Every structure is written in C-alpha cells, then in structure tokens.
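I opened this notebook page to record what I looked up, one topic at a time. The sequence and the model come first, and my entries follow.

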Amino acid sequence: MSQNNLRVVKASEIDLKEKVVAIKRVAKVVKGGRRFSFSAIVVVGDGNGTVGYGLGKANEVTDAIAKGIDDAKKNLVKVPIYHHTVPHSIEGKFSGGFVLVKPAAAGTGVIAGGAMRAVFESAGIKDVLAKSKGSSNPHNVVKATFDALSKMRDPLAVAQQRGISLQKVFNG
C-alpha cells in the first residue's frame, strides 16, 4: 500500500528556479516532407523541498521551454527532506524507468545521473545516492524519480504515527 503524503503547492507563493533536463527535436512527416518542432522537459524547484516537472512542445525552443516551465508550475509537490538528504531508501518506477534512491552522509553530494540530478538539485536535496536502472529516456527517469519521491514518508509523521521520538525512528 503506497502512502501518498505529498501536498500540492501553489507556484505564486514561492520563488522557483528552472532547470531544463532535455530538449529534443521531433519531426512530423507531412505531405511536403518533415515538419520539425521541439519538445522540452523542465524541472522547477525552490531548493527547499518543493519541486515539479513539466513538458512543453512548440515550434521554437524558447517557446517549448516556456510552456514546460508553465506546466511544471502547475504540478508542484512538497517532498520530505531530512538533514539535506532523503529520509530512507526507496525505489521508483515509471514505464521502463526504474530508479533507486538512498540517503547519504553529509558531504557526499548528489551522486545521480543527469535527469535525476536536476530533480534532486531543484528539490534542495544536497546528499543522495541514486541509480537509474532500465530506461535512460529522460522523461521516464524524471517521472520515476518523482514516483520515488512521492512514496517518501516524512520522518516526523512516522514518529507521530508510531508514538515515538524522531531519534528513535532512525536509531532503532
């Protein structure tokens, strides 16, 4: 049973920074030849636990990025962060993309691939170990990373549920 404890955040309340994960030129074959357009996947975050992703498609790169940013601002979520890392290990899955996310000691840095790195840095996670297994498609990797982050449980909520102190959650 997956517990989804994320709360949706309004974009107008916070200052967001954008990161373009991938830009692809896509073609539509029409009678006169190929018609090219651009697809951009963008991650936005405030560096303090709020993060979102969006997809933008347009005939110009700048328009595609702008649309992606607008879409990302509509899909913001709050993720739990404990001492600049994730509270516990978790796996995320979307289509063919599988990701493994583990907490790391302070000073480790973000050990993750390109698409995952953008998500963690936007969320404000400074120390994490992550591995992308399966699909290397940036769309699937970003969505699988969001799946993993959405399954994260807040340590404070777990402590209250169990009726124990926050230190006991991590120590035993």
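**Entry on the cores.** I was working from a predicted model, and I began with the largest nonpolar core, which has 27 residues. I listed Val51, Val101, Phe120 and Leu149 as the residues with the most contacts inside this core. I then looked up which elements supply at least two residues each, and found strand 2 (33-45), strand 6 (97-103), helix 2 (114-123), strand 8 (128-134) and helix 3 (138-151). The largest share, six residues, comes from helix 3. I also noted a second, separate core of 10 residues, which includes Leu16, Val44, Ala58 and Ala64. For background, I wrote down that nonpolar side chains tend to be buried together in soluble globular proteins.

**Entry on Val51.** Which residues is Val51 in contact with, leaving aside its neighbours within four places in sequence? I found Val43, Val44, Gly45, Asn75, Leu76, Val77, Val79, Val119, Ser122, Ala123 and Phe146. One of these contacts, Val77, is also the bridge partner of Val51 in strand 4.

I followed the open sheet through its four strands, which are ordered 1-2-3-4 with antiparallel pairing. Strand 1 (17-30) and strand 4 (77-78) are the edge strands, and each pairs on one side only. Strand 3 (residues 50-58) and strand 4 run antiparallel and are joined by two bridges. Last, I looked up helix 1 (residues 61-74), which lies across strand 1, strand 2 and strand 3 and runs at about 145° to strand 3.

Key
Residues are numbered from 1 along each chain as its sequence is written. This is a predicted model: local features need pLDDT of at least 70, side-chain atom pairs count only at pLDDT 80 or more; totals for chains, interfaces and linings use all residues. Side-chain values use heavy atoms; hydrogens and water are left out. A nonpolar core is a set of buried Ala, Val, Leu, Ile, Met, Phe, Trp, Tyr and Cys residues joined through side-chain atoms within 4.5 Å. Buried means under 20% relative accessible area, exposed over 50%, partly exposed in between (1.4 Å probe, protein chains only). Contact means heavy atoms within 4.5 Å. Two strands pair if DSSP finds at least two bridges between them. Axes are lines fitted to C-alpha atoms, for helices over the stretch in contact, and angles run from 0 to 180 degrees between N-to-C directions.
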